[in-house]
Amino acid sequence: MRLWKLLLSACVTLLILKCCCSATDEVVTCSGIVPMVNRNDKISITDFGGVGDGRTLNTKAFNEAIYRIKHLRRRGGTLLYIPEGVYLTQSFNLTSRMTLYLAKGAVIKATQNTAEWPLIAPLPSYGRGRERPGGRYMSFIHGEQLHDVIITGENGTIDGQGGVWWEMWRRRTLQFTRPNLIEFKDSRNIIISNVIFKNSPFWNIHPVYCNNVVIRHVTILAPPSSPNTDGIDPDSSSHVCIEDSHISTGDDLVAVKSGWDQYGINYGRPSTDITIRRIVGSSPFAGIAVGSETSGGVYNILAEHITLKHMGIGIHLKTNTGRGGTISNITISNVYMSNVRKGIKIAADVGDHPDENYNPKALPVLNHVRITNVRGKRVQQAGLITGLKNSPFTDICLSNINLHGSSHQSNGNVPWKCSYVSGGSIQVKPSPCSDLIHSGSCPI
Ligand SMILES: *[C@@H]1O[C@H](CO)[C@@H](O)[C@H](O)[C@H]1NC(C)=O
Ligand SMILES: *[C@@H]1O[C@H](CO)[C@@H](O)[C@H](O)[C@H]1NC(C)=O
Ligand SMILES: *[C@@H]1O[C@H](CO)[C@@H](O)[C@H](O)[C@H]1NC(C)=O
């Protein structure tokens, strides 16, 4: 009898749980591609002499803690706990099977001593540093050929103190390419969540030649005037999930890339299967971008539920002659933007070349783009799509787009401008350029 009752109550509990949970289960997410791992083995940076006073240099503590994780190889990996406090350090390398856990109030802060910053080789798909020839400064937090790495916690901060680097850029005294805040190279099964990234010297989060990367519930902040502080740049990487984040920086919020001109063409590694969802932010440059480095190709990109305020360009697909590469199957939907210079720009006239040896005959190919459900207020120019005469953009479909100009002129913004483009549109206001004015081959 008692067993009966127990079983019955268990069943009822399960039923209730199932009903209640199904509502929250409906939130669409791609984060399942890398499961979160709990680690039983835990160490603290303070066990290795770490001091969170904001002045002591903790490079040795970080290196020793990570050396221990790498060499003791505990079953299930190890969590490195960073307690509340400000931990100043030079750049350091992560290792596989580790969690870097930033507690509430924990700050990992980069030194401003740029002279001692280590240099590493340029990426083969770029042939040189992105902004200066030769090598490049190692990212502040770096990972190469790793797997199963998690950076998470209670919204602690990784602070690049980028001001000194931005000043060197402005004065043109940079010797090599500025460091990213975080770079993972040739790595897989990476999670970055519940962390705040602040004042990166250059790009913030750069997964390059990676597979299975989840970045969610992050906040990325840098002043609008800070040069090249892109938020998240998946580069020649596949299966990347970017969700539920706030990004406000001085350059593109998310930019999908795949190498630069002849180096990227030779390396031939595309970016594919990337989801960008529920992102909020602002920047003088683009919200959702592909490019401008796309020489290895960019395929199967889905961006949806994006909210942009005070933007240069809402959606920007950008490439160049000499770049080669195919950009294809890009779906962007449910975008809201306000105070924007250009709503949608797709162009092949963007970005510089690594050197004089690029092949001007290597034309980019761009096709199969779907942009739907876009709303905008105070948009100066709704759209600008300029393909190449010898490589027109094809199958560009726009639907249900409404990009208003300033309040006193209803839809009185600068008209769409296009050239060398085919595709079609359905319910686009203001009316798009004549090349796209009919529904064409686009699905209704
Ligand atoms: C960190 O990794 C880079 C790239 O693999 C390497 O050049 C450098 O020597 C490493 N630094 C340390 C302290 O292990
Ligand atoms: C951390 O910030 C995210 C927003 O990016 C929020 O969803 C989450 O609840 C915060 N977590 C904690 C532990 O404060
Ligand atoms: C196009 O990309 C979407 C993701 O946005 C993917 O689901 C779909 O399979 C891709 N189509 C092709 C033909 O690869």
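**A conversation about the model**

Modeller: Let us begin with one pair of residues: I191 has V214, in strand β17, as its bridge partner.

Colleague: How many bridges hold β14 and β17 together, and in which sense do they pair?

Modeller: Five bridges link β14 to β17 (residues 211-216), and the pairing is parallel.

Colleague: What else pairs with β14?

Modeller: Strand β11 (residues 147-153) also pairs with β14 in the parallel sense, over four bridges. In that pairing, H147 has R188 of β14 as its bridge partner.

Colleague: Why is β14 largely enclosed?

Modeller: Strand β14 covers residues 188-193, and five of its six residues are buried, so the rest of the structure largely encloses it.

Colleague: Before we go on, how confident is the prediction?

Modeller: This is a predicted model. The protein chain has a mean pLDDT of 94, and 93% of its residues reach 70 or more.

Colleague: Where is confidence lowest, and where is it highest?

Modeller: Within the protein chain, it is lowest in helix α1 (residues 2-25), with a mean of 51, and highest in β16, at 99. Over residues 15-22, pLDDT stays under 50, and the model has zero contacts beyond four places in sequence for them.

Colleague: You mentioned β16. Which sheet is it in?

Modeller: β16 belongs to an open sheet of four strands, in the order β5-β10-β13-β16, with parallel pairing. Its edge strands are β5 (92-93) and β16 (205-208), each of which pairs on one side only.

Colleague: How is β13 joined to β16?

Modeller: Strand β13 (residues 182-185) runs parallel to β16, and four bridges join them. E183 has H206 in β16 as its bridge partner.

Colleague: Turning to the ligands, what surrounds ligand 1?

Modeller: The residues around ligand 1 are N63, N93, I120, M138, H142 and E144. By class, two are nonpolar, three polar and one charged.

Colleague: And which residues are around ligand 2?

Modeller: Ligand 2 has E154, N155, N194, H217 and T219 around it. That shell has no nonpolar residues, four polar and one charged.

Colleague: Finally, which residues touch the most other members of the largest nonpolar core?

Modeller: That core has 107 residues, and L80, I82, V254, I288 and I396 touch the most other members.

Colleague: What does I288 touch?

Modeller: Leaving aside residues up to four places away in sequence, I288 touches V254, I276, A303, I306, I315 and I332.

Notes
Residues numbered from 1 in each chain as written. Chains lettered and ligands numbered in written order. Predicted model: local features only at pLDDT ≥ 70, side-chain atom pairs only at ≥ 80, totals over all residues. Core = buried A, V, L, I, M, F, W, Y, C linked by C-beta atoms within 7 Å. Buried ≥ 20, exposed ≤ 12 C-beta atoms within 10 Å, placed from the backbone. Contact = placed C-beta atoms within 7 Å. Near = placed C-beta within 6 Å. Nonpolar A, V, L, I, M, F, W, Y, C, P; charged D, E, K, R; others polar. Pairing = 2+ DSSP bridges. Helix = DSSP H or I, 4+ residues; strand = E, 2+ residues; numbered from the N terminus. pLDDT = per-residue confidence, 0-100.
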